Each structure stands twice: as C-alpha cells, then as structure tokens.
Amino acid sequence: MKKIFIFFIFVFAFNAIAKETTFNKELFDKAQSEGKVVIVSSWVKYCTSCASQMKVLDKAKNDFNNIEYFKFDVRNKEIADLFNIQYQTTLLIFKNNKEVYRSIGETSREAIYKAIKSSI
C-alpha cells in the first residue's frame, strides 16, 4: 500500500508542472524578429515525460539569456500543424527564423541544455 501511495505522489508531482498553452503566434514572431532563440515544446495532460521536459525548459529560460520559451497542448491542431508536430514531448528550437533542432521525447537536462547552447 505504501508503494502505491508513493507512486501516486510521484505521478501527481510531475503533473503539478504548469501545463498551459503559452504559445502565441504574434509573440513567437516578435521574439524571432528580436533575434532571440525560440523554444517550442508540446505536451498533453497526464504525460510524465512532458512534465519532465517542461521542468528542464522552465529552468533553462532562467539559466540562458536571450531565449523565449513557448509551450502548447499538442491537441491544439492549429499550433501542431503550424510546426508539423504530431507527438507530445516534441521540442523545437528556432534561431534566425529557422528551425535548428527537433527532438521527440527528450527529457535529459544535459541533452536539452546542449541543444540550447549550440543554438545560442
């Protein structure tokens, strides 16, 4: 019983990450025109890998200068189609108005930070 309780606490802790759509096309375009590195990630409710990735990206936006981070629910077809995203936990990085990185399911802090550093 104790193991089940710990499991549920673990699952709910990951889902406590603020899963909200922050993507806005105007803000995305503005960030790119200002020369920022733009990060876009997709999520879906109850996805623990999404929560793990978002936790890393939320920290990264404070650890790196000149980046803008947007996230969206992958079920939002309009945004998903804009970036040709079909899966949750998809991570895109844009620099100079071009996509320079794409991954699906990446949650490793080291790999994500490496991708961001190579884009700055």
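Of the contacts (heavy atoms within 4.5 Å) in the protein between residues at least 6 apart in sequence, 68% join residues at least 24 apart. The model is predicted: local features need pLDDT of at least 70, side-chain atom pairs count only at pLDDT 80 or more, and totals for chains, interfaces and linings use all residues. Residues are numbered from 1 along each chain as its sequence is written, and side-chain values use heavy atoms, with hydrogens and water left out.

**Secondary structure**

- The protein has 5 helices and 4 strands, taken as DSSP runs numbered from the N terminus (helices: H or I, at least four residues; strands: E, at least two).
- Read from the N terminus, the order of elements is α-α-β-α-β-α-β-β-α.

**Burial and surface**

- Of the 120 residues in the protein, 42% are buried (under 20% relative accessible area; exposed is over 50% and partly exposed lies in between, with a 1.4 Å probe and protein chains only).
- The accessible surface amounts to about 7400 Å², and carbon and sulfur atoms hold 54% of that area; accessible areas come from the Shrake-Rupley method with a 1.4 Å probe, and for residues only the protein chains shown count as cover.

- N84 lies in the loop between α4 (77–83) and β3 (90–95).
- Although N84 is not a glycine, its phi is positive, at about 55°.
- N84 is exposed, with a relative accessible area of 55%.
- N97 sits in the loop between β3 and β4 (98–104).
- The phi of N97, also a residue other than glycine, is positive and near 65°.
- N97 is exposed, at a relative accessible area of 54%.
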